[in-house]
Structure formats: C-alpha cells, structure tokens
Amino acid sequence: MGLSASVLSELKTNIESLGLSADDKALQKFSMLYDLLIAKNEVMNLTAITDEREVAVKHFYDSLTLVKDQKIRNLLENGCRVCDLGTGAGFPGIPIKILFPNVKITFVDSVNKKLLYIDETLTALGLHDGCSICHSRAEDLGHDKASRETFDLVTSRAVANMTTLSEYCLPLVKPGGYFTAMKGGKAETESEITAAEKAVAFLGGKIIFTTGFDLPDQMGERTIVTIRKTKTTPKKYPRKAGLPSKEPLS
Ligand code: SAH
C-alpha cells in the first residue's frame, strides 16, 4: 500500500526542484497521506483526483509551490503562524506541515466533516502539534477577535476568484504579513488580478509577487500570487456570509 516507489522517487525529485528536501520520513508521510485520503474518499467527497501520480503532483507537489516566493519560504522555515482558508481535504496545509513541521497551521473550512478527516489525519501522521481545525466561514472568522489580523501567512488554493478571496483572507493577515493565493493558469489569473487591484488596496493589501509555471508532466498551469498586508483592513470587511462571492468588491 501507499505510493509506489517510482511515484515517491518522482515526488522527491519534484520537491527538490523547489529547493526543498524530502527525507525518507517525509516521503513516508506522503505515502500514508495518500492511503488515508483514498480510504476516506470512499465514504465522503474529498477529491476527484485519485490516481497516485496525479495526487502526488496535483495535490502534494502543487501544495508546496508557494515556496517559489522566497519571502514565504523564509516565513515557513521560521515556523510562522499560517491559516489555510478553504482547506477542503487539507491542501495546501497538510503537505506544508509535512515539510515544515514547525509551522502552526489553522485549517479552516465551512464543511465540518472535512475538518474531522484532517484532524484524524494529522494525528495519524504525528503532525498535530501546533495545528488546529476551525469550522467557520471566512466571513465570520474575519470578525473573530482571536483570529482577525493574527496570521503571518494566509494561504488558499482553489477557493474563489482573487477579489472574493482577498475579502476572505486579508482581514485575517496581521499587518506586515502575507496572503498567498494559489491559482490556475497565468492568463486567467492575470485578469482576476486586474479586476481585484482596487479591492486589494482597499482591504489593506499590495500585490508584490506573481509567478506562473507548469506542473511536471504537463499536469497543468499554475500561478502563485503574494499580497503583502500594508495597512489594517477596514472594520466592516469581510461583509456578511455570501456577499463577498455574490457581490465582489469593485
Ligand atoms: N483548498 C482545497 C479545497 C478547495 S475546494 C484544495 O485546493 O484542494 C474549496 C473549499 O473551500 C471547500 O472545501 C469549501 O467548503 C471551502 N469554502 C468555500 N467557501 C468558503 C468560505 N466562505 N469559508 C470557508 N470555507 C469555504
């Protein structure tokens, strides 16, 4: 069981191409994570991707590509406080925790049973230290005193367009911290960025880094966008549940 030796060796090479290293212990955790994900996916809807090579590239490797931004890599290496907003089956948070065990991650989703899977999985992988799950909508968490403007890094993959996502994520970032959006193709992300520019500024952010790249084996185009929080977010944001996606700021 677990990932086959050839998939594990490709995963190791791909991780090394990011300038990170994956020792046997980390690879063993990715292999276990694959088994746990596939087993739970039989009883609940966690992922449409189940082929082991695809999971290794599109979920595991892809989740680590935010280190393409050196500032984010430094933060993770220093064990910063991270929020994975709309984490679903734990991406990008679980792969990040496997490679950076000192980071403290809050896994947030509006669907509780996904969080229960993440909780069990972190325990099974011996990675629960410093992690917590949080069943909330971004629109509510952004007004929770214990969470608002407290994270060094908020990251989010495949949750919403840049404008909506900025309203979900920026209120949670502490001033001076970062929000990293993990997006799809470069062209579509660029048009989302253009549409989001005003909203980002208004919410206290500044886009400081964008990079487009291809996943290995032509498994798709991705774009990483980093926004630095330069100012406090005005108190009324995020607006009430549903509004950031129904009526994106303009
Ligand atoms: N980040 C994961 C999951 C993406 S699917 C991945 O890349 O694989 C989007 C997830 O975001 C879903 O699990 C959904 O429940 C969650 N989500 C969507 N809107 C949300 C909101 N407003 N607040 C919290 N979670 C939300």
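This is a predicted model: local features need pLDDT of at least 70, side-chain atom pairs count only at pLDDT 80 or more; totals for chains, interfaces and linings use all residues.
Residues are numbered from 1 along each chain as its sequence is written, and side-chain values use heavy atoms, with hydrogens and water left out.

H1 has 13 residues and reaches 18 Å from its first C-alpha to its last, close to the 18 Å expected at 1.5 Å a residue, the expected span being 1.5 Å times one less than the number of residues. Which residues of H1 are buried? They are Val7, Leu8, Leu11, Asn14 and Ile15, where buried means under 20% relative accessible area, exposed over 50% and partly exposed in between, with a 1.4 Å probe and protein chains only. Seen down the axis of H1, these buried residues fall within an arc of 125°, so they line one face of the helix; the arc is that of the directions from the helix axis to the C-beta atoms. On the other side, Ala5 and Ser17 are exposed. The buried residues of H1 pack against helix H2 (24–41), helix H3 (52–64) and helix H5 (93–99), and just after H1, glycine 19 takes a positive phi of about 80°.

Moving on to H2, serine 31 has its place in this helix and is buried, with a relative accessible area of 10%. Leaving aside residues up to four places away in sequence, serine 31 touches Gly2, Leu3 and Leu8, contact meaning heavy atoms within 4.5 Å. Tyrosine 34 is also found in helix H2, and at 12% relative accessibility tyrosine 34 counts as buried. With the same exclusion of residues up to four places away, the contacts of tyrosine 34 include Gly2, Leu3, Val55 and Phe60.

Now to the aromatic side chains, of which the structure holds three pairs; rings of Phe, Tyr and Trp (its six-membered ring) pair if their centres lie within 6.5 Å, and planes under 30 degrees apart count as stacked, over 60 as edge-to-face and the rest as tilted. Phenylalanine 30 and phenylalanine 60 form a tilted pair, 5.3 Å centre to centre with 35° between the planes. Phenylalanine 30 lies in helix H2 and phenylalanine 60 in helix H3, so the pair ties together parts that are 30 residues apart in sequence. Both of these phenylalanines are buried, and ring pairs link Phe30, Phe60 and Phe91 into a cluster.

The rings of phenylalanine 202 and tyrosine 237 have their centres 5.5 Å apart and their planes at 75°, so this pair is edge-to-face. Phenylalanine 202, at 46% relative accessibility, counts as partly exposed, whereas tyrosine 237 is buried, with a relative accessible area of 6%.

Finally, the strands: E2 (residues 104–109) and E3 (residues 132–135) run parallel and are joined by four bridges, two strands being paired if DSSP finds at least two bridges between them. The chain crosses from E2 through helix H6 (residues 112–124) to E3 in a right-handed β-α-β crossover, meaning that, with the strands pointing away from the viewer, the path from the first strand over the helix to the second runs clockwise. Aspartate 109 stands opposite histidine 135 in E3.

Conventions: Helices (H or I, at least four residues) and strands (E, at least two) are DSSP runs, numbered from the N terminus.
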